[in-house]
Amino acid sequence: MSVTDIEGRLASDAGVRAEAARRRTFAVISHPDAGKSTLTEALALHASAINQAGAVHGKAGRRGVTSDWMAMERDRGISITSAALRFEYDGAVLNLLDTPGHADFSEDTYRVLEAVDCAIMLLDSAKGLEPQTLKLFDVCRSRHVPVVTFVNKWDRPGREPLELLDEIEQRIGLRPTPVNWPVGVAGDFRGLIERASGEYTAYTRMPGGAERALEHCFSAADALDREGEAYSVAADELALLDEIGATVDMPSFLAGESSPVLFGAALPNFGVRRLLDAMRSLAPEPAPRLSVDKVARPVDAPFSGLVFKVQANMDPAHRDRVAFVRVCSGRFERGMVLTHAATGRPFATKYAQAMFGQDRETVDVAFPGDVIGLVNATALRPGDTLFADVPVAFPPIPSFAPEHFAVVRCKDAGKFKQFRRGIDQLDTEGVVQVLSSELRGDQAPVLAAVGPLQFDVVLHRLEHEFGARSELDRLDYSLARLTDAGGAAALAGLRGAEVLTRRLDGALLALFADKWRLNAITRDNPSVRLDPLLADAE
Ligand code: G4P
């Protein structure tokens, strides 16, 4: 390498580090109906990425249907696809990775959480922590993803703020540290006090939901004149928070022990700008990622990326298969030839795209924290690593414990080839886990899902994409454990249990009718390996 080459290389490393330092990559986790779609739109609206709220998710009655790509999704009013949005805000580049709202697709959400550096835990002010929020929070904790809390819907009747903080602390052991504090009870919302500066922002409701609410700032003295008793109550509560030391603390936030809390209302877009500021100033920038061998890959190392989602036929106008890749290190340039760590094969990136709802645009360069969509990525599957120059493989993304099982069969014998291709494809994409055994044969594989809606997606796609109308026979199992050949031999022929092979990785899964059956079998066969899978509640 010549001196000029070395100088050029150093300058480009510094460029990558500077670009990475501007990135904030995060997802919103919430229970359905807490307002995730509304908040996503409001964040993008504030960052001026879209001109009119409603262009991202296209909920009924709003403008533009962009990420609802399947008729089935529209019918059911759920969003299965994950769109990745990128927007510039005040010098930062924010990458917001969308997660499916429905609990049945938690495995997809889990994969997305593998690709973010921070999460916003969105709560409905009237409901507080709900089951799906708890489940997803546990995933964040296990992944060491720091969490910022946004208490939404403050414009309508809800619970006391102190009571909500208490619930967060008691139920999930996360120490809440408010960034701002509401004046006026939920339902009679007057505005927010910024704790660090004492500045008060008054809330003025605007008609309709698609415009920014007005935000007027006042000093503490003027705010007291304006809001009277409501302001004094809030000030007293703040004094109490100061006393107990509930202030934002970066080390404990990054360690996943405390959570900065913001209040607001996504629908009238109030408090959303403050949330963007918090993401920019508090959320961590992309950090070196650990490889399978526990070696950290610095952000300025040559390119590496993690495939966290694979999606086929997102849009009938583009019949193709897109792998979403989170850039972990280095500078990505379209046209680069990368190596697929799992196979050692080269992967050309001529068709790299950025996703914006359903609209796509070609992406020419990307940096750590960004998400790129690689088109026609037939060989890639979630958890795969791509790299340039210096090899690396990131740890695989663990699979969730399935709780629903069904045999799937093609209704039309003449379409078996299409059926098999479809099953393979859906398995690789991670839509559902496919299990098989010699006993059951090739014609009737067993599908394993976290939630039954996954089965509906499989049937729909088998019929509409692969032309193979199929039917399901639900199996009477509800629990899976990891076992080995010894376990398979010991469990063979036992009632209420069956051992099947997971096609994708060859793991042996022992299925049980219920936990009583599992307990009885464990008692009778104490030496058999029966390990819980990820996110297994048992
Ligand atoms: P999700 O993606 O988490 O499932 O929630 P979504 O944004 O669809 O919001 C669920 C409902 O809550 C929507 O009402 C939405 O308008 C409402 N909502 C969200 N944020 C706020 C808020 O800050 N204040 C108030 N008052 N409501 C909010 P919907 O009637 O179910 O649907 P839509 O017809 O309004 O879309």
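Analyst: Let's begin with R190, which forms a salt bridge with E227, the closest N and O atoms being 2.9 Å apart. R190 sits in the loop between β7 (180-183) and β8 (191-194), while E227 belongs to helix α7 (residues 220-227), so this contact ties together parts that are 37 residues apart in sequence. R190 comes out as partly exposed at 25% relative accessibility, whereas E227 is buried at 10%. Keep in mind that this is a predicted model.

Take R23 and D370, whose side chains meet at 2.9 Å, N to O. Here the link is between distant parts of the chain: R23 is in strand β1 (residues 23-30) and D370 in the loop between β21 (365-366) and β22 (371-375), 347 residues apart. R23 has a relative accessible area of 4%, so it counts as buried, the cut-off being under 20%. D370 is buried too, at 0%. Both also belong to a network of salt bridges that links E19, R22, R23, R86, E88 and D370.

Then there's R289 with E114, a salt bridge at 3.8 Å, N to O. R289 lies in strand β12 (residues 289-290) and E114 in the loop between α4 (106-113) and β4 (118-124), so this one joins parts that are 175 residues apart in sequence. R289 is buried with a relative accessible area of 17%, and E114 is buried at 8%.

Note on methods. Residues numbered from 1 in each chain as written. Predicted model: local features only at pLDDT ≥ 70, side-chain atom pairs only at ≥ 80, totals over all residues. Heavy atoms only, no water. Salt bridge = Lys/Arg side-chain N within 4 Å of Asp/Glu carboxyl O. Helix = DSSP H or I, 4+ residues; strand = E, 2+ residues; numbered from the N terminus. Buried < 20%, exposed > 50% of the residue type's maximum accessible area, 1.4 Å probe, protein only.
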